[in-house]
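Morning, everyone. Let me put the model up and walk you through it.

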Amino acid sequence: MVRYPLMNTKTFSQEADFIKESAKIILEACKLPNAKIALSGGQTPEPILKELSHHVEKDNATFYQVDERYTEKTSPDSNQKMIRDSLNPKNFITFDTSLPIEEALSNYQNQLPNQFDLIVLGIGTDGHTASLFPNSPATEEESSPVAHTQTSEFTIPDRLTLTFPPILHSKKILVLLKGQNKIDAIEKFPASKLLKHQNLQVHFLV
């Protein structure tokens, strides 16, 4: 992985260390006054959130979703369900997928903070982060903090997501990468936009 001047990268060979150190960064953010933290779904953060669930400090924070698949909140494909089941957050602001898409976006936007203390992201092998896919117009969004995106690469095509303005405005970004196929993921568009951030931490599990 290329080392960029503004990017602090830690590489792990043991999953237990990857989980522990990643949970530690989220826990540190939880200790901030009125902490606002946005979490991604997927398999990589799941064990990290389970580790974090054992710490009472998590209850100090309000958690938000980075993105969501437009499906029922009880669906196995729901990011909300994974976060609830793994972390059991006390304060959790979610995309309401029971609403029509535009209404769900507006409702979520109205609950967003002015700035996140931490945003936790993953990156796909194609370079997508959050639900901002390489060919999506939402990758160039400059005003709205949320967007509806679509993809043909996954089972559920419709996604609700934060856009780059609130992501890049976050005080800190933690990127979680797992596997050799992700070694150059952050160099691909649109994930490469994250390299603009002044406080970018990348944890890479080989």
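Start with the exposed lysine, K20. K20 is exposed, at 55% relative accessible area. For the cut-offs: buried is under 20% relative accessible area, exposed is over 50%, and partly exposed is in between, with a 1.4 Å probe and protein chains only. K20 sits in helix 1, residues 15–30. Helices here are DSSP runs of H or I with at least four residues, strands are runs of E with at least two, and both are numbered from the N terminus.

A word on the source. This is a predicted model, where local features need pLDDT of at least 70, side-chain atom pairs count only at pLDDT 80 or more, and totals for chains, interfaces and linings use all residues. Residues are numbered from 1 along each chain as its sequence is written, and side-chain values use heavy atoms, with hydrogens and water left out.

Back to K20. Which residues form the positive surface patch? They are K10, K20, K24 and K31. A patch takes residues with over 30% relative accessible area and no salt bridge; like charges are joined within 9 Å, and nonpolar side chains (Val, Leu, Ile, Met, Phe, Trp, Tyr) within 5 Å. Lys and Arg count as positive, Asp and Glu as negative; His and the chain ends are not counted. Each charge is placed at NZ of Lys, CZ of Arg, CG of Asp or CD of Glu. The areas come from the Shrake-Rupley method with a 1.4 Å probe, and for residues only the protein chains shown count as cover.

Now the overall fold. The protein has five helices and 10 strands. Its radius of gyration is 16 Å, close to the 17 Å that the globule rule gives for 206 residues, so the protein is as compact as a globular protein of that length. That radius is taken over C-alpha atoms, and the rule is 2.2 Å times the number of residues to the power 0.38. Along the principal axes, the C-alpha atoms fill a box of roughly 45 × 40 × 30 Å. Of the 206 residues, 52% count as buried.

Two distances next. Take F12, in strand 1, residues 7–12. F12 is buried, at 9% relative accessible area. F12 and H203 are 191 residues apart along the chain, yet their C-alpha atoms are separated by 7.5 Å. Now take E103, in helix 4, residues 101–109. E103 is partly exposed, at 45%. E103 and Q201 are 98 residues apart along the chain, and their C-alpha atoms are separated by 33 Å.

On to salt bridges. The rule is a side-chain nitrogen of Lys or Arg within 4 Å of a carboxyl oxygen of Asp or Glu. How many salt bridges does that rule give? Six.

First pair on the slide: K178 and E15, with the closest N and O atoms 3.1 Å apart. K178 lies in strand 9, residues 173–178, and E15 in helix 1, so this pair ties together parts that are 163 residues apart in sequence. K178 is partly exposed at 37%, and E15 is partly exposed at 34%.

Next, K193 and E140, with the closest N and O atoms 3.6 Å apart. K193 is in the loop between strand 9 and strand 10 (200–205), and E140 is in the loop between strand 6 (118–121) and strand 7 (146–150), so the pair ties together parts that are 53 residues apart in sequence. Is K193 buried or exposed? Buried, with a relative accessible area of 14%. E140 is partly exposed, at 47%.

Then K50 and E46, with the closest N and O atoms 3.9 Å apart. These two are four residues apart in helix 2, residues 46–52, so about one helical turn separates them. K50 is partly exposed at 42%, and E46 is partly exposed at 27%.

Last, some backbone details. The peptide bond from F189 to P190 is cis, with omega near 5°. P190 lies in the loop between strand 9 and strand 10.

Where do the positive phi values fall? N34 has phi near 50°, and N34 is not a glycine. N34 is in the loop between helix 1 and strand 2 (36–39), and N34 is exposed at 65%. A130 also has a positive phi, about 55°, although A130 is not a glycine. A130 lies in the loop between strand 6 and strand 7. A130 is buried, with a relative accessible area of 10%.
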